[in-house]
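This report covers a predicted model.

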Amino acid sequence: MTHAKLLAAELLSVIVHPTSPPSFSLPRRCPSSITRTEILGIVVSLEAKPRFLKFTWASAQACHLLDSPLLKFLLDDGTGCVPCILWLNPRLPPSDHDPTPEILRLQARRVRLGEQLRVRGRITVYRGMLQITVGDVLVEKDPNMETFHRLDCLRIAKRCYGLAKDDLG
Amino acid sequence: METLGSFSLSDLLRLSRPVTGTASLNPASSPPLKRIKLDQNLLLNPSLSRKSFTPISLPVLLVGTVNFFSEASSHRTGSCLNHCLSFSDSSATICCYIVDFDPRVIGQEIHVMAWNYLPIKQGEGQGVLEIIQWRFSSPDTAPLRGFSLSLESAQDSGVKASSFAFGLVKSVSLTFTLPIENGKTGEMGDSVGFLAELLTCMCDKCAKMRPSNEKSGLHRFTESKVVYFIRPTHKWRPVVAKLVGKVMYLWGLKKRLVVVGKESYVMLVSTIKTKVSLCDSVVSDLPTDHSKRGAYRGIVTGIYLHGAVIELDKKVWLLIHDTLLVPHHSLRIGATVSVRDFHFVHANFAWTKVIIVGTCVMTSFCIDSFAVSDTKVLVKTEEKSALGTFVESLNLSAKFWILLSVSCFKYKFRAVLSDKELLGSINSAGLVQTYSSRSLPPDVFRPHNSMFMAYCNHDQCTYSSGHDQSKCKLIVPLSNFVGRCEELWISIQSEMSESDEVHCNNTCDGISYPGYRRRIIPSDDFGCILMGNIQACSSSGRLQLVDATGNIDVVIPDLPSDLSVQTIYEVKDYKVVLEGFGIEGDNSMYEFGEPLSCHAIFKRQTYRKRIHGLMLYVQFYLKDSVCLASPSRAPSNLPHSENHGPNHLLVISHKFPLTNKFPFNSAMSICSSLFAEALIFPCKFKRSENGELIQLGKFQDALDFSKRDHKKASEKGPWLAPCSLASRNGGVSATTLCQFNVDSSNYMVSKSLARILLEFKCENFFSYQMLRIGGYYFLNCSEGFNPTRVCKCWEKGGSFVVTGNTLQSLSLSFSDDVNQKEPSGTSSDELVLLKSLSELHEIVDLKSVSQGITKLLPPSQVLSVSSCLQHMFHQNRNLYGSTDLGEQRLAQGDLISVCGDVEYFHDNDCDSVSLTASKCLKIPNPRGNNICIHLADDNQMVVIRGNLSRKLFPIGFGVGASATFHRLLLTCSSNRKEKLLLTPVTYIEITSVRKVKTNRGPNQQMFKVDSLIESLCHLPPLGLFSDLHNKDSKVTRFCCRILTLNVLVLESCMIGSSPAYKIPLAGFVLDDGSALCNCWTDNDLASTLLSLRDICSSFFSSDFSSLERAPKRLLASGLCHCSDDYSNYKNTVGYYLDHILKKHHKVIVKNHGVSLDICQDLLFHSGSGKVFSILEERLLNYIILSSCHGPTFIATGLVMDASATKQFDAYISESAVLRGCMQNIWIREVACVDPLKDAFNLILDLKNG
């Protein structure tokens, strides 16, 4: 259930098992199965479907019923580019006491071209392509956070999965 | 003892070389006099310079008599009349000028002890002797005589001359000629003479001509009298001019009424009986008002335009009022001069400020010491021209400007225009005069008076002390302009370095590259006017503005097809773009020496471009520029296109760029060509006799229409479509027989069109620059029109050499133009380099034809970056890759066109893909670099790689440029990743450029190891949740984030009289990437993790309407009260929590949900048993959701054992157990991640472990 901290290259090389829903495993790691991940990178591409101009509660409701509003962006951490999908409609029908749409809206506003983001989410497959279905988005202002994240990934890979030094590259 | 030689003047004249001599090389000795012969070596040795004084190695003495020039003197010039005395011995007579002048020297024989000799005109036996030191030849008697001037030969004539004058000489005019008419006899004649103003004393003794010599204080020189020295006394002028400020007697004058025009003046006129003597015993200073006219003494540092402009001390500009005053023989660079009674102006020109000193008729000008290095004698040779008269009619500052302009014009256009065309002649005005009279404001002109009038009315002179001449701009020589731009660039670099902008680098693939800078400077900041011919450079193919001094790259968005390369254009309104990467190193190595200073312009200092990394170009519109006269000697334009064959209508489908093969050596450029590809429309046009363009031929293929919405379905076959076309040579109308081959999508099938290659030789590079991809043009085929014969242009794969005027741009208006940006350029940050095609296509309506023509090409021919990415994604990757071609691999893919903004570009020598591509495509790489271009639109970015030499960059290419890349290769690399590659045929079109912004986050700092090591403190290593089961109970640091909440207990309390809250227990699920863990904490730490102290404005100020009302509704429900003490606090989440707890006393939130992604299964328990309102539930939900999306933090905690966790069992739901969180920790401390410190800590950890 944990969000495995991974580099994009590692994530893009996971083995997809054709179960339903598909399951994922990391090569040369034990335990190898992962479902969630956390990556950190820079937004190099951003696409809103449909065009995401002004998100209001009314439009969110309309979208929920009629269309699938989502934010699609590519996160580049220097080792690869990971496609990320941020759904802007709540998974459940919204109620008055649920602030989820606002939280999603705040998160969507954080996704801007060139921004360094820390993204957590589920690993999914869409049309044969691996992607992250985003759970939350966090802006990392400090560029040194990228170095820290890389080292943290190495540390966890080494300590948690027992990778040898050679495997770490 | 050394022998003292004696020279005769004829010896000197024979020398024809500047020489200097002295009577004694050893000051203490006094050798005997002996005549010597000139050294043959001195006469014949050609190695001795004529440009400097040759010292005579022997001590020599010149002996001669100083006197006035006689009227019969053969070489009497204006200059000699005003300044020179004669020096003669038995052999010859020459001009002389004496530094320490004593008026008693006139008529006396002197010994010249130290002197310079300068030949005036070589071979004509004229020269000037500059006497530095002299003595009377009979020292015992000469000094005893007083100074007196008279025409002794005429003293006994019967002329009555009873008037006299006694006074202080105030000023002396130049010698001038005045046509006169004798009032009594009516005789006409010319009067040559000069005026002198005397200040006389009005005391009785003076009136009786018995001035008291004893006490000078008795005299008060106040009354002004003018004495007119006419022929023959006019030759006294060199002596009288030296007596300014001294008191003198004048006898033998006549009082006359002189009438000039409508004015009449009473003045004393000299006669042949006039006698002048000096009164040494009476000394008086000139009155104080006189000194207001000023006196200046300085060293001559420059003499320009035949002595019309003199630079003193490198700061003051002396304008000579009339060229009669100069040339003064001794006025040379290095001489010390004194100027009295001048006009003084601070002129503020548009580009600089200068101090101008202007002489007038009253100005006295004398040489205090001679120049020793410069030997160039100024000679007045030219007659007064129309330009000279024009210049004299201007005020001082305008006069200075026009003299500067004369210098600029001559400097700039000496190669293409003759002096007569530039400066005019006696009767006709040249280019400088016509240009200046148009440019100068009317208030700079002043009435021009004769010298007599000007002298007499001098007090009414209208010179003012300051002039704002900001309308006068410098017609800058282009080499000086380039120098100024480079100077600016260096200063910009220095400024940026000081402001720390230099560190704002860009990164690509983790490698940092230097920042790119661009500055757009408007013409007003330069205060200069650009002038020159517009030509396409034969070596680079670029458009340039050219003059004789240099050239500068230009961009003209409204470039017409009928531009004459011989015409001189004046560009007042322009923008200069300076761009490039930052210069590393010392900027002080570049010395420019003020390229736009008047000194540099007059001196014609040349500059050449020195900074290689700087891209420098000028953008202007031709409609804002003025076309000046074409030079007459330039060849006329080529014969008009009417004589040529039929006109083809064609659309440019591609322009081939310069390649690396292109010779950068201009000498080799003749054999080079540029190419463009065009599609010819299947119709023929011909210009009729009255200039109309008539469509003649039919379309080649008779095809069916698939759509005929606008026509009746019954009609078939060719149909007549009236159309009007316009070329820049005037509107033309035609009736076109049109029939289009359209496919199902209503696009014309381009296969049916002939494709033609246009070749441009170097003399027609200009036509190549004018072409636009997607633009429509008429091609005048050289073949004669034959309706029965098919033109060669129709042959598939044919080529056509473009010459002269064979291409004319055509204006078409399309209402449904796609891919065209809105007309921009209004923003001050953006500079348009190319007009959009829709702006070019103006006026003409080509309704029926345009429906076919617009749809000739696919609508999305040029992709945006976003659509390019889509295209890349959807393309079948199997089509791409590479094909074996013998030993080499050839990249395969589609050619596409992409437009976007260049975000950054840099050299990328290590990119293997582009290296492979360049190798595969056989790109010669002598100078080319692998570059990486980041092209972006609002949302997306693509990277284009390839091989491109910096010399081939189109003008404007750089960061912030809006560019269209035509024919990029979309291919796939070995790892099946799509790549965009530059190919040798990729043409880059720059539409506009923007100022480069420097975005730098306020808190961002780059990774600096030095400071890191200094600040590093010994932190305990970070632990992992997955290791907890192996660990003993000890405090460990974890880097983790909140995943979800287990339980939250909130209770109300009172702090003083205010309601508050406390958190007895909070349980979270934490995730550090290795495992999950239950963590427990309370009060302050819980409050931190829940971000209760954070301002929740982002939440409440959202545009979600119900939440905007939330505070009001809370107020209304009594939950909220306003207090100034809480002004900050009431914006926090905790503030609202206080009021919820006031109602419920205690709130317990439990999470029963299994899913980690949503918190939909939170259960709320109220301590008071009251029901939660929607808003209250909403706020609690918000608090918990926000904390679950919080940042990474460092939690320091202690592992709890089983007994300790038992007390929390009640709070841990079954779902939490299902999540697999078996470990429990108690959090003791929470801190933000310090990425620098913690990263270093991790490095040590990884290294050690």
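A residue counts as buried under 20% relative accessible area, as exposed over 50%, and as partly exposed in between, with a 1.4 Å probe and protein chains only. By this rule Arg112(A) is partly exposed because its relative accessibility is 47%. Glu115(A) has 12% relative accessibility and therefore counts as buried.

The model is predicted: local features need pLDDT of at least 70, side-chain atom pairs count only at pLDDT 80 or more, and totals for chains, interfaces and linings use all residues. Residues are numbered from 1 along each chain as its sequence is written, chains are lettered from A and ligands numbered from 1 in the order in which they are written, and side-chain values use heavy atoms, with hydrogens and water left out.

**Chains**

Helices (H or I, at least four residues) and strands (E, at least two) are DSSP runs, numbered from the N terminus. Chain A has 5 helices and 9 strands, and from the N terminus on its elements follow the order β-α-β-β-β-β-α-β-β-α-β-β-α-α. Of the 169 residues in chain A, 51% are buried. A contact means heavy atoms within 4.5 Å. Among the contacts of chain A between residues at least 6 apart in sequence, 63% join residues at least 24 apart.

Chain B comes to 28 helices and 62 strands. Buried residues make up 54% of its 1249 residues. For contacts in chain B with a separation of 6 or more, 76% are between residues 24 or more positions apart.

**Nonpolar cores**

A nonpolar core is a set of buried Ala, Val, Leu, Ile, Met, Phe, Trp, Tyr and Cys residues joined through side-chain atoms within 4.5 Å. The largest one has 140 residues, and Phe400(B), Phe481(B), Tyr574(B), Leu578(B) and Phe965(B) have the most contacts inside it. Helix 8 of chain B (residues 396–413) supplies the largest share of this core, 11 residues. Apart from this core lies another, of 50 residues, which includes Phe194(B), Val227(B), Val244(B) and Leu268(B).

Helix 8 of chain B is mostly covered, with 17 of its 18 residues buried. The expected span of a helix is 1.5 Å times one less than its number of residues. For the 18 residues of helix 8 of chain B this gives 26 Å, which agrees with the 26 Å between its end C-alpha atoms.

With residues up to four places away in sequence left out, Leu578(B) touches, among others, Cys485(B), Trp489(B), Arg518(B), Ile521(B) and Leu616(B).

**A loop residue**

Ser625(B) is in the loop of chain B between strand 34 (615–619) and strand 35 (626–628). Ser625(B) counts as buried because its relative accessibility is 12%. Its side chain reaches the backbone oxygen of Leu622(B) at 2.8 Å. Beyond residues up to four places away in sequence, Ser625(B) touches Tyr569(B), Glu570(B) and Val571(B).

**Salt bridges**

A salt bridge is a side-chain nitrogen of Lys or Arg within 4 Å of a carboxyl oxygen of Asp or Glu. The structure holds 30 of them over all chains.

| Glu115(A) | Arg112(A) | 3.1 Å |

Glu677(B) is buried, at 10% relative accessibility. Salt bridges that share partners also join Glu38(A), Arg118(A), Arg120(A), Asp136(A), Glu140(A) and Arg1041(B) into one network.

Both Asp553(B) and Arg542(B) are buried.

**Cysteines**

A disulfide is a pair of cysteine sulfur atoms within 2.5 Å. By this rule the count is 0 disulfides over all chains. Cys485(B) is buried, with a relative accessible area of 0%, whereas Cys366(B) is partly exposed, with 26%.

Note on methods:
Polar contact = N/O pair within 3.5 Å; in protein donor to acceptor, adjacent residues only side chain to side chain.
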